[in-house]
Amino acid sequence: MMPYNCLATGNMTGMVEVVRNAKTVFKIQQGGGIKGTFQLNNTMLHQWIKERNKGSLYNKAIEAFTKSCAGYCVATFILGIGDRHNDNIMVSEDGRIFHIDFGHFLGHFKKKYGIKRERVPFVLTADFVNVISKGQPYDKSEEFKQFQIICSTAYVKLRKHANLFISLFMMMLSSGIPELQTIEDVHYLQKTLAVNRTEDEALLYFVKQFDAAHGGGWTTKLDWLMHGIKHFSK
């Protein structure tokens, strides 16, 4: 994963570290013209990474994408990160994927005309699966199976620190963050970390979330389509 530095310098002001040699997923998709912009071409991200990582670098880039994607899938699920459109997800030229703009979290997902825009536990679209599977059908891909294992392993490991995460968020209740005001907000972590379940039950719970994210990837693509139309019309 790619952590980057953020520094608050005052009320509603601050600085964010620039990550060099990286583009948003939306900007990469635009390279595919109308089809890419309007989410009709799921191969642009894979092509973009492949073009920048020739020879032996290709497998390293796919591995970097796979592991970083797994990390962010699990992290954004546990923290309930919202507003995950394709301008808030970036990819570096060496293959690492990373998220930006964490203004909505703990399940406070954005709505449009009273309808929840994000309908899946985390973002796992056909674009991402195409990269992980190296352009092959995911159901025949050993790489995608390995990706599922990495996600499940990461979830189980993070869950072992559930009490620490919950305690840290409890300490932040007085910070004035709009979406972290009451103990009920912190209860979101108790749900996603499955603190009242056994490890086997928690793993089964996460696997169901994974399947929902993968199977519902089209809903994310629909949200991205609306985002593309909005920018295309400007």
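User: Let's start with strand 1 and strand 2. In which sense do they pair?
Analyst: This is a predicted model, and in it strand 1 (residues 6–10) and strand 2 (residues 13–16) pair in the antiparallel sense, over four bridges.

User: What stands opposite C6 there?
Analyst: That's V16, in strand 2.

User: And how many residues are between the strands in that hairpin?
Analyst: Two residues. M12 is worth a look in this hairpin, as M12 takes a positive phi near 65 degrees.

User: OK, zooming out. How many helices and strands does the chain have?
Analyst: The secondary structure comes to 10 helices and seven strands.

User: What does the chain span along its principal axes?
Analyst: The C-alpha trace spans about 50 × 45 × 35 Å. The chain's radius of gyration is 18 Å, which agrees with the value near 17 Å that a compact globule of 234 residues would have.

User: How many bridges join strand 4 to strand 5?
Analyst: Three bridges, with strand 4 covering residues 89–92. In this pair, V91 stands opposite I97 of strand 5.

User: Tell me about helix 4 and helix 6, then. At what angle do they cross?
Analyst: Helix 4 (residues 57–79) and helix 6 (residues 142–159) cross at roughly 45 degrees, and their axes come within 9 Å. That angle makes helix 4 oblique to helix 6.

User: Is that crossing left-handed or right-handed?
Analyst: Right-handed.

User: Which residues meet there?
Analyst: From helix 4 you have T66, K67, C69, A70, C73, V74, F77 and I78. They meet F147, I150, C151, A154, Y155 and L158 in helix 6. By class, the residues of this contact are 12 nonpolar, one polar and one charged.

User: What about helix 3 against helix 4, how do the axes cross?
Analyst: The axis of helix 3 (residues 44–52) comes within 9 Å of the axis of helix 4, and the two cross at roughly 135 degrees. Helix 3 and helix 4 are therefore oblique to each other. Helix 3 passes helix 4 in a right-handed crossing.

User: And which residues make that contact?
Analyst: L45, H46, I49 and K50 in helix 3 meet Y58, A61, I62 and F65 in helix 4. The contact has six nonpolar residues, one polar and one charged.

User: One more pair: how do helix 4 and helix 8 cross?
Analyst: They cross at roughly 135 degrees, with the axes of helix 4 and helix 8 (residues 183–192) coming within 8 Å. So helix 4 is oblique to helix 8. F77, I78 and L79 of helix 4 make the contact with Y188, L189 and T192 of helix 8.

How values were computed
Residues numbered from 1 in each chain as written. Predicted model: local features only at pLDDT ≥ 70, side-chain atom pairs only at ≥ 80, totals over all residues. Heavy atoms only, no water. Pairing = 2+ DSSP bridges. Axes fitted to C-alpha atoms, helices over the stretch in contact; angles between N-to-C directions. Parallel < 35°, antiparallel > 145°, perpendicular 65-115°, else oblique. Left-handed = near helix turned anticlockwise from the far one by under 90°. Contact = heavy atoms within 4.5 Å. Nonpolar A, V, L, I, M, F, W, Y, C, P; charged D, E, K, R; others polar. Rg over C-alpha atoms; globule rule 2.2 N^0.38 Å.
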